[in-house]
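Please consult the sequence and the structure shown below.

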Amino acid sequence: MIERHESTLDPATETFVAHRNLLFTVAYEMLGSATDAEDVLQETWLRWSGVELGTVLDRRAFLVRITARQALKRLRTLGRRKESYVGPWLPEPLLTTPDVAEDVELAASVSMAMLLVLETLAPTERAVFVLREVFAVDYDEIAQAVDKTPAAVRQIAHRARAHVAARKPRGTGSPAEHRAALQAFQAAVETGDLQGLLDILAPDVVALSDGGGIKHALPRPVVGADEVARLLAVGWWKREAERTVEPVQVNGGPGLLIRIGGEIDGVLAVRVENGYVTGAYHVRNPEKLSSVTREITVSRKRPSPRPMR
């Protein structure tokens, strides 16, 4: 018989660990960078570890507020860094766990396409939108996180919601449709099958890539099935014997992990709508690939209660 032991973690640490996946997701959706999200979590922990827990009525809300504050500060810094970024910028990709695809709203909110839409918001608008629309934080809590009045937050939320609604991607289909489309897409890409690509690409498909000035990447978006198919068949994907392509889940949706000589060379996130590929987001910047060596859990839920002992 296995003897059960009580947790040896102190209450502050136990609470932080229980909510860590949620806090990471908040920071990542605000920043579009897993590396920066992890830094925000470190800053959140430092502040949380100094809090008197007896004064905190809702620990989850308090932690989300700290995380949002730190992420907002970093988001403003990132905006200045992106102004000098070499070439097109894409979010840092995540290899997400399979269960994310089953939560349609969560998968949509962390998708490459949605994160690119969120990039068009001002920092405070993005923070308010993420906290309200994705994590259902009440206006009073958001107001404390962004240093605005609740009335101002409501106005910002309304404006951000309208902005995103005008630009957000359409419905993406079921996980089964994603798998079928990715399988056809992968087969066509690996063999350079131009007609196979034309059969799976939507007429208005868009391809973007990010090399960060370190790896070769597209200088601008490529639009249209003919152009993207030719790019994938004969240009972007030169046939190399040591190249391997592995299907993975990227940011809650279908994707491909590309290796050359066994080393990760890039990640291609694929957007599928109505059985056709409508977006291809290729990240080759090595500085953005540190998080694709393992699956990462993202969450917008409260942790399950611990079992009684």
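Leaving aside neighbours within four places in sequence, which residues is glutamate 141 in contact with? Glutamate 141 is in contact with Ala61 and Arg65, where contact means heavy atoms within 4.5 Å.

This is a predicted model, in which local features need pLDDT of at least 70, side-chain atom pairs count only at pLDDT 80 or more, and totals for chains, interfaces and linings use all residues. Residues are numbered from 1 along each chain as its sequence is written, and side-chain values use heavy atoms, with hydrogens and water left out.

Glutamate 141 lies in helix α8; helices are DSSP runs (H or I, at least four residues), numbered from the N terminus. Its relative accessible area is 19%, so glutamate 141 is buried (under 20% relative accessible area, with a 1.4 Å probe and protein chains only).

Helix α7 is mostly covered, with 9 of its 12 residues buried. Among the buried residues of α7 are Arg126, Phe129 and Val134. The helices they pack against include α8 (139–146) and α9 (150–165). Just after α7, alanine 136 adopts a positive phi of about 55°.

Helices α1 and α3 form a further contact, whose residues are grouped by class below.

| Class in the α1–α3 contact | Residues |
|---|---|
| Nonpolar (Ala, Val, Leu, Ile, Met, Phe, Trp, Tyr, Cys and Pro) | 15 residues |
| Polar (the others, Gly among them) | 3 residues |

Technical notes
Buried < 20%, exposed > 50% of the residue type's maximum accessible area, 1.4 Å probe, protein only. Helix = DSSP H or I, 4+ residues; strand = E, 2+ residues; numbered from the N terminus.
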